[in-house]
Amino acid sequence: MHDARVRSRLLSGANLTDLENAIERLGGKKLASIRDVDSFHAARSQVGAHDGYAVVLTQSVFETMDREAKKAAEEYGMAGPQVMPMLDAFGISNVHALSMGMKLDADDGMVVTRYGVLAEKLGGVLALLDVPASSFEPPAFVSADATSFTMVPFDLARLSPTLLEVSRSMPAAESQPSG
């Protein structure tokens with residue numbers, strides 16, 4: 001871990017080059033930035049204006065998972081999980097970014113969060129989440145003094161056919177029950 005103080009700011013980072021670039025940006029130097037990435041802005045706009053937000057650009061995460069699985073397979077001399085085919089089967093490989101926005105002391109509660117999935121098209125299990133937006137009314141079992149409630153609407157009628165389709169599209173080794 002690397003730390004630096006730049007005037008009134010304290011910076012910390014695991015990658016020294018990234019930390020040095022952040023220091024140079026604070027000094028006014030124009031460097032490549034996340035602000036130059038279109039999918040970052042698209043993912044951020046999905047959750048709207050909030051007091052705090054997080055965006056995960058997924059492509060490098062998928063590449064790292066695939067590379068590490070292959071490296072582990074080589075290191076231990078056995079076939080490892082086929083990461084990208086599994087991500088394809090679940091429809092996750094189409095996801096470019098995940099986003100979360102958080103509003104504090106909102107009209108609807110102390111903390112209101114909103115999530116987004118940026119994808120060209122939702123496939124596999126993620127297609128179940130592709131339902132029309134509706135107004136939010138908590139169910140009767142959620143009391144007025146509840147501290148938290150999360151609702152994830154999905155298409156229940158398509159659940160069984162989708163899971164069957166995902167199972168059929170999985171690589172052979174991953175679709176077999178273990179034991």
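Which residue in strand 5 is the bridge partner of K103? The partner is V112. The structure is a predicted model, in which local features need pLDDT of at least 70 and side-chain atom pairs count only at pLDDT 80 or more, while totals for chains, interfaces and linings use all residues. Residues are numbered from 1 along each chain as its sequence is written, and side-chain values use heavy atoms, with hydrogens and water left out.

Helices (H or I, at least four residues) and strands (E, at least two) are DSSP runs, numbered from the N terminus. Two strands pair if DSSP finds at least two bridges between them. Strand 4 (residues 95–106) pairs with strand 3 in the antiparallel sense over 6 bridges; here M102 of strand 4 is the bridge partner of G52. Strand 4 also pairs with strand 5 (residues 109–119), again antiparallel, over 10 bridges. A hairpin of 2 residues joins strand 4 to strand 5.

H50 lies in the loop between helix 2 (38–47) and strand 3 (52–57). H50 has a relative accessible area of 18% and is therefore buried (buried means under 20% relative accessible area, exposed over 50%, partly exposed in between, with a 1.4 Å probe and protein chains only). Two backbone oxygens lie by its side chain: that of V47 at 2.8 Å and that of G48 at 3.1 Å from a polar atom of the H50 side chain. Apart from neighbours within four places in sequence, H50 is in contact (heavy atoms within 4.5 Å) with G101, M102, K103, V112 and R114.

Another loop, between strand 1 (2–6) and strand 2 (9–13), holds R7. This residue is not glycine, yet its phi is positive, near 50 degrees. R7 is exposed, with a relative accessible area of 58%.

Rings of Phe, Tyr and Trp (its six-membered ring) pair if their centres lie within 6.5 Å; planes under 30 degrees apart count as stacked, over 60 as edge-to-face and the rest as tilted. The count is 2 aromatic pairs. The ring centres of F40 and Y53 are 6.3 Å apart and the planes stand at 55 degrees, so this pair is tilted. It links distant parts of the chain, with F40 in helix 2 and Y53 in strand 3, 13 residues apart. F40 is buried at 10% relative accessible area, whereas Y53 is partly exposed at 39%. F141 and F149 form an edge-to-face pair, 6.4 Å centre to centre with 70 degrees between the planes.

Key:
A polar contact is a pair of N or O atoms within 3.5 Å; within protein, one must be able to donate a hydrogen and the other to accept it, and residues adjacent in sequence count only if both atoms are side-chain atoms.
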